[in-house]
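Reader: I have a sequence and a model before me, and I would like to learn how to read them. Could you take me through some features one at a time, giving the idea and then the case here?

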Amino acid sequence: MTGWNAGEIPDQSGRTVVVTGANSGIGYVTARELARRGARVVLACRDATRGKAAEERVRGAAPGADVQFAPLDLADLSSVRDFAADLPGDRLDLLINNAGVMALPQRRTVDGFEMHLGTNHLGHFALTGLLLPRLREAGHGARVVTVASGLHVLGTVDPRDLNMEHRYRRWLAYGRSKSANLLFTHELSQRLTAEGSRVVAVAAHPGYAATNLQTAGARMEGRASAEHTAELLNRLFAQSPEAGALPTLYAATAQDVLQDDYFGPRFELRGGTPTRRAMRAPWTRNDRASSGLWAASERLTGVTYDWL
């Protein structure tokens, strides 16, 4: 994998891809590079104006690309269901669960879930469950790639307080949601293996990449100084979204990817070239924790994977 870059992405012609949060940052770069390699790409974005603008930008970067925007708000399960029902075609080759929120003030989703867990995990859990039958139809080469974070080490999911009703701390909420991403990938990979499915479930993290995630919370609260500080840190220390997208792109397209792999930058925070040896807390491969979160997620979202 040494020196791997986006230029080594195999031909993606004939493949259909859904990328959540594809209007900016890592999601946009991921969608753009897959479109450049011939994939049909669906940009699943919450904001229609930004989503359509991203569609035009991808078309400009990849002339002739088959790309389209489709509305998806992961913080609203009715939107998730509508997106899955309206997605054209019967086949899906690649689902990239990229969208997310980070370190926001205490907020709830439309369905009443803590915003980080509800958006980063439960929305993607429901989306994956609704789209997995199409991925199974695609067969060999189909993948679910979920974007986690090195900050999952801040804490694992607390099944007694999934919505953090007792004591809310924004960074802990984010870390728990990213642990949930990895627990979900672990459990999904085990279930797919037990079924004999050729769909592969993997995870990736971008390291410290300059995106709007770092500034969203401060902007939401009107904390201008904190927003400017985050922007300055991004300029001084963060890698580009292009570098941050490499682990996701590798997980999505490389030939040697295995169930429950976890890819990140070589030096964890930055370094570009992805590696399978990304740091991963042991609790994210705990079978009891992953199955417990899975059961709770089915109950909370109303989306069941009965056939797995």
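Reader: Is R40 buried or exposed, and how is that judged?

Author: Please keep in mind from the start that this is a predicted model. The general idea is to look at the relative accessible area of a residue, where under 20% is called buried and over 50% exposed. R40 has 18% relative accessibility, and therefore counts as buried.

Reader: Which residue does the side chain of R40 meet in a salt bridge?

Author: A salt bridge is read from the distance between a side-chain nitrogen and a carboxyl oxygen, with 4 Å as the limit. The side chain of R40 meets that of D66 in this way, at 3.9 Å from N to O. The two belong to distant parts of the chain, 26 residues apart, since R40 is in strand β2 (residues 40–45) while D66 is in the loop between α2 (48–61) and β3 (67–71). D66, with a relative accessible area of 41%, is partly exposed.

Reader: How many salt bridges are there in the whole structure?

Author: A search of the whole structure gives 13. One of them joins D158 to R160, with the closest N and O atoms 3.1 Å apart. Here D158 is buried at a relative accessible area of 15%, whereas R160 is exposed at 74%. Salt bridges can also be linked in a network, and R32, E33, R36, R37 and E242 are joined in this manner.

Reader: How far apart in helix α5 are E187 and R191, which also meet in a salt bridge?

Author: E187 and R191 are 4 residues apart in helix α5 (residues 170–195), so about one helical turn separates them. Their side chains meet at 2.9 Å, N to O. E187 is buried, with a relative accessible area of 7%, and R191 is partly exposed at 22%.

Reader: In which sense do strands β1 and β4 pair, and over how many bridges?

Author: Strand β1 (residues 16–20) pairs with strand β4 (residues 94–97) in the parallel sense, over 3 bridges. Taking the partners one by one, V17 has L94 as its bridge partner in β4, and V19 stands opposite I96. Strand β4 also pairs with β5 in the parallel sense, over 4 bridges, and on that side I96 stands opposite V145.

Reader: Which residues of α2 are buried, and where do they fall around the helix?

Author: In α2, the buried residues are G51, A54, E55 and V58. Because they fall within an arc of 105° when seen down the axis, they line one face of the helix. On the other side of α2, T49 and G60 are exposed.

Reader: What span should helix α10 have, and what does the model give?

Author: At 1.5 Å a residue, the 15 residues of helix α10 (residues 287–301) should span 21 Å, which agrees with the 21 Å between its end C-alpha atoms. Its buried residues, including L293 and W294, pack against α3 (77–86), α4 and α5.

Reader: Where does S291 lie, and how far is it from L183?

Author: S291 lies in helix α10 and, at 32% relative accessibility, counts as partly exposed. Distance along the chain and distance in space should be read separately. S291 and L183 are 108 residues apart in sequence, and their C-alpha atoms are 8.4 Å apart in space.

How values were computed:
Residues numbered from 1 in each chain as written. Predicted model: local features only at pLDDT ≥ 70, side-chain atom pairs only at ≥ 80, totals over all residues. Heavy atoms only, no water. Buried < 20%, exposed > 50% of the residue type's maximum accessible area, 1.4 Å probe, protein only. Pairing = 2+ DSSP bridges. Arc of directions from axis to C-beta. Expected span 1.5 Å × (residues − 1). Contact = heavy atoms within 4.5 Å.
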